[in-house]
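Welcome! Here is a short tour for someone meeting this protein for the first time. Take a look at the sequence and the structure below before reading on.

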Amino acid sequence: AELLIGRIPLVHSIYTATKKLVSVVQQKPDGTARVVLIEFPHPGLKAVGLVMRTFTDSASGQELAAVFVPTSPNPTSGYLQIAPIARLVATDMTMDQAMSMVVSGGATAPDRIATGWVV
């Protein structure tokens with residue numbers, strides 16, 4: 001299948017980039033949920049986000065997360081948001097479910113998404 005995909009220029013580039021992104025985000029950092037909901041693009045709306053890493057703000061000591069918000073239908077592009085961990089909503093979605101949801105524009109979203117209040 002990959003040989004066939006490799007022969008189609010546009011499909012090959014999207015497939016390769018998506019495959020790299022998925023392999024990177026499958027490595028779960030300790031103590032954080034991978035698939036979250038984040039207020040984006042403005043308060044009151046939520047977007048699917050992928051926690052890429054967490055770190056501490058050196059000035060305030062606040063715990064922050066680098067959250068990648070992929071765009072539909074091409075999840076290899078998106079937005080990087082730096083957000084306080086306390087503002088993220090943890091989900092029970094797997095990485096595969098989240099990527100499928102993004103690529104399909106929400107058509108293949110789970111029937112239910114369990115959320116915690118914060119990561």
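Which residue forms a salt bridge with Arg87, and how far apart are the closest N and O atoms? The partner is Glu39, and the closest N and O atoms are 3.1 Å apart. Please keep in mind that this is a predicted model.

| Residue | Relative accessible area | Class |
|---|---|---|
| Glu39 | 31% | partly exposed |
| Lys46 | 46% | partly exposed |
| Arg87 | 53% | exposed |

Arg87 counts as exposed because its 53% relative accessibility is over the cut-off of 50%.

**Strands side by side**

Now to the strands. β1 and β2 pair in the antiparallel sense over 5 bridges, and Leu37 has Val48 in β2 as its bridge partner. The hairpin of β1 and β2 has 6 residues between the strands, and there Gly44 takes a positive phi near 100°.

β2 is also joined to strand β3 (residues 63-70) by 6 bridges, and these two run antiparallel. Here Val51 stands opposite Val67 in β3. The hairpin of β2 and β3 has 6 residues between the strands, with Gly61 at a positive phi near 80°.

**A pair of rings**

What about aromatic pairs? The count comes to 1. The rings of Phe40 and Tyr79 have centres 5.1 Å apart and planes at 45°, so the pair is tilted. This pair, too, links distant parts of the chain: Phe40 sits in the loop between β1 (35-39) and β2 (46-56), and Tyr79 in strand β4 (residues 78-84), 39 residues apart.

**A nonpolar patch**

Last stop: the surface. Ile8, Val11 and Tyr15 form a nonpolar patch there, with about 230 Å² of accessible area together. Tyr15 has its place in helix α2 (residues 9-25) and is partly exposed, with a relative accessible area of 30%.

Conventions. Residues are numbered from 1 along each chain as its sequence is written. This is a predicted model: local features need pLDDT of at least 70, side-chain atom pairs count only at pLDDT 80 or more; totals for chains, interfaces and linings use all residues. Side-chain values use heavy atoms; hydrogens and water are left out. Patches are made of residues with over 30% relative accessible area and no salt bridge: like charges are joined within 9 Å, nonpolar side chains (Val, Leu, Ile, Met, Phe, Trp, Tyr) within 5 Å. Accessible areas come from the Shrake-Rupley method with a 1.4 Å probe; for residues, only the protein chains shown count as cover. A salt bridge is a side-chain nitrogen of Lys or Arg within 4 Å of a carboxyl oxygen of Asp or Glu. Helices (H or I, at least four residues) and strands (E, at least two) are DSSP runs, numbered from the N terminus. Buried means under 20% relative accessible area, exposed over 50%, partly exposed in between (1.4 Å probe, protein chains only). Rings of Phe, Tyr and Trp (its six-membered ring) pair if their centres lie within 6.5 Å; planes under 30 degrees apart count as stacked, over 60 as edge-to-face and the rest as tilted. Two strands pair if DSSP finds at least two bridges between them.
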